[in-house]
Amino acid sequence: LLVSKDLGKHLLEVEDLLQKHGLLEADISAQTERVQALNTAALKFSELEGYQPCDPQIICNRVNHVQTCLEELGELAGKRRKELEDSRQLWAFFQEMEEAEVWIREKEQILAAKTCGRDLSSVLTLTNKHKSMLGELGSRRALLHQTMKRGEQILAKKRFSPGGIQEKMREVRLRWKKLEEVTGLHQQRLQEALNFFQFSAETDDLVAWLQDTYRIVSSDDFGHDDYSTQALLRKHRAVVEEVEKHRAAVLALRKQLAVLAPEHRQGVDVQIRVVEVEQLYGEVAEVAVLRQQWLQDALAVYRMFSEVHACEVWVDEKEQWLERMEVPEELDEVEVVQHRFESLDQEMNSVMGRILDVNQVVQQLVDGGHPSSEEVRSCQDHLNSRWNRVVELVERKKEQLGSVLKIQNYLLEC
């Protein structure tokens, strides 16, 4: 049993042989105690005085022979255990290598069947799964490294033919290298798909924002008075700032497109999409400038109307006062009225400046092609007409006062 050359043909068989060998070793251990007891008893016969039933030398030789045989049996048992353990290590190595090959084939099939997704959500899901697979790959790589190390140790012992071991190690190394290449390639394709769909999603978001902004900047609501127009103008300036901030994102589309994988960046649809975004942004920026000008013109119109109204209130007040005023005949009263006209001249100079400003604003609006040019011009003409009437009334009243003063002065001289 101990000199048998049967070391098993697979791991289960070796485990069975080791189990049987363990029973044999236990039997040897039990027999060792019995032999030692028998030897001790036998040696007592070699020490007898007087009558000796057997030659002491024969007894000693017999005891030594049995002890030697027992020791040889123990050496054979130890040698066979070593051989069986080496065999178990060998077949465990082959089994682990087989398991590694099965795992590699399984992952190869999974990678061969994998796609890169159809949208951003599916690509992100596949990317997370691939990260999990990379974690498995790292764990399996560490196990395979340990198995390869044990294979090298088996080769170093030179107890078995190295051909099968070296061939298996070389084969698994090649398959593992190929698996890592395929894994890296799939990871690259996933990253390329992720970059493309992220680019597409960001482009879609940008288009949606531009479309919403276009609806805002193309609004025909310019307010109905000074206050509402100022509020709209403040909001519009904030929108213009946002439009300007998005300029960099639009300009970056070309650079982002250039770094995409050829299969993605060379697509006609994606190139057309970029052009459409650029054109849409240009339209938004252009309309935003126009709306800001329109709002400023509307604000100028409302302020002009407000200024015209204030001037007309003053004109109306003075016009009524002038029409009701009668030139007095008494000198004292004439001097009082004359002082009032001096104050009126100062007021008229101030109002005249305001009316000139109104005329300048009107001319700017008309020259700029403002849609309310006719209404603005009509308002200007009405104000100027009323102003001229007041000027005429003032001049007439001044002439009357002048005539009265001449008469009063003449009478005083007389």
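The model is a predicted one, so local features need pLDDT of at least 70 and side-chain atom pairs count only at pLDDT 80 or more, while totals for chains, interfaces and linings use all residues. Numbering starts from 1 along each chain as its sequence is written, and side-chain values use heavy atoms, with hydrogens and water left out.

Helices here are DSSP runs (H or I, at least four residues), numbered from the N terminus. Take α5 and α6 to begin with. Helix α5 covers residues 226–245 and helix α6 residues 247–258; their axes come within 4 Å and cross at roughly 20 degrees. Those axes are lines fitted to C-alpha atoms over the stretch in contact, with angles running from 0 to 180 degrees between N-to-C directions. The crossing angle makes α5 roughly parallel to α6, on a scale where angles under 35 degrees count as roughly parallel, over 145 as roughly antiparallel, 65 to 115 as roughly perpendicular and the rest as oblique. On the α5 side the meeting residues are Val243, Glu244 and Lys245, and on the α6 side Arg247, Ala248 and Ala249, contact meaning heavy atoms within 4.5 Å. Sorted by class, this contact has three nonpolar, no polar and three charged residues. For the classes, Ala, Val, Leu, Ile, Met, Phe, Trp, Tyr, Cys and Pro count as nonpolar, Asp, Glu, Lys and Arg as charged, and the others, Gly among them, as polar.

Further up α5 sits Thr229. Thr229 counts as buried because its relative accessibility is 0%; the cut-offs are under 20% relative accessible area for buried, over 50% for exposed, and partly exposed in between (1.4 Å probe, protein chains only). Once neighbours within four places in sequence are set aside, Thr229 is in contact with Phe222, Gly223, His224, Leu295, Ala298, Leu299 and Tyr302.

Now for the aromatics. A pair of aromatic rings is described by the distance of the centres and the angle of the planes. Rings of Phe, Tyr and Trp (its six-membered ring) pair if their centres lie within 6.5 Å; planes under 30 degrees apart count as stacked, over 60 as edge-to-face and the rest as tilted. The count by this rule comes to six aromatic pairs. One of them joins Phe222 and Trp294, with ring centres 6.0 Å apart and planes at 85 degrees, so this pair is edge-to-face. It ties together distant parts of the chain, 72 residues apart: Phe222 is in the loop between α4 (162–217) and α5, and Trp294 is in helix α8 (residues 268–324). Phe222 is partly exposed at a relative accessible area of 23%, and Trp294 is partly exposed too, at 39%.

Trp314 and Trp387 form a tilted pair, because their ring centres are 6.1 Å apart and their planes stand at 35 degrees. This pair also links distant parts of the chain, with Trp314 in helix α8 and Trp387 in helix α10 (residues 373–413), 73 residues apart. Trp314 is buried at 12% relative accessibility, and Trp387 is buried at 7%. Elsewhere, ring pairs link Trp91, Phe93 and Phe94 into a cluster.

Leaving out neighbours within four places in sequence, Trp314 is in contact with Leu344, Glu347, Met348, Val351, Trp387 and Val390. Trp314 and Glu347 are 33 residues apart in sequence, with their C-alpha atoms 9.5 Å apart. Lys318, also placed in helix α8, is buried at 13% relative accessibility. Not counting residues up to four places away in sequence, Lys318 touches Leu344 and Glu347.

As for cysteines, the structure holds zero disulfides, a disulfide being a pair of cysteine sulfur atoms within 2.5 Å. Cys311 is in none, and the nearest cysteine sulfur to its own, that of Cys379, is 9.8 Å away. Cys311 is buried, with 1% relative accessible area, and Cys379 is buried at 17%.

Arg396 lies in helix α10 and is partly exposed at 43% relative accessibility; Arg396 and Leu322 are 74 residues apart in sequence and 9.6 Å apart in space, C-alpha to C-alpha. Asn128 belongs to helix α3 (residues 120–157) and is partly exposed, at 48%. Asn128 and Ser350 are 222 residues apart in sequence and 77 Å apart in space, again C-alpha to C-alpha.

Notes:
Helices (H or I, at least four residues) and strands (E, at least two) are DSSP runs, numbered from the N terminus.
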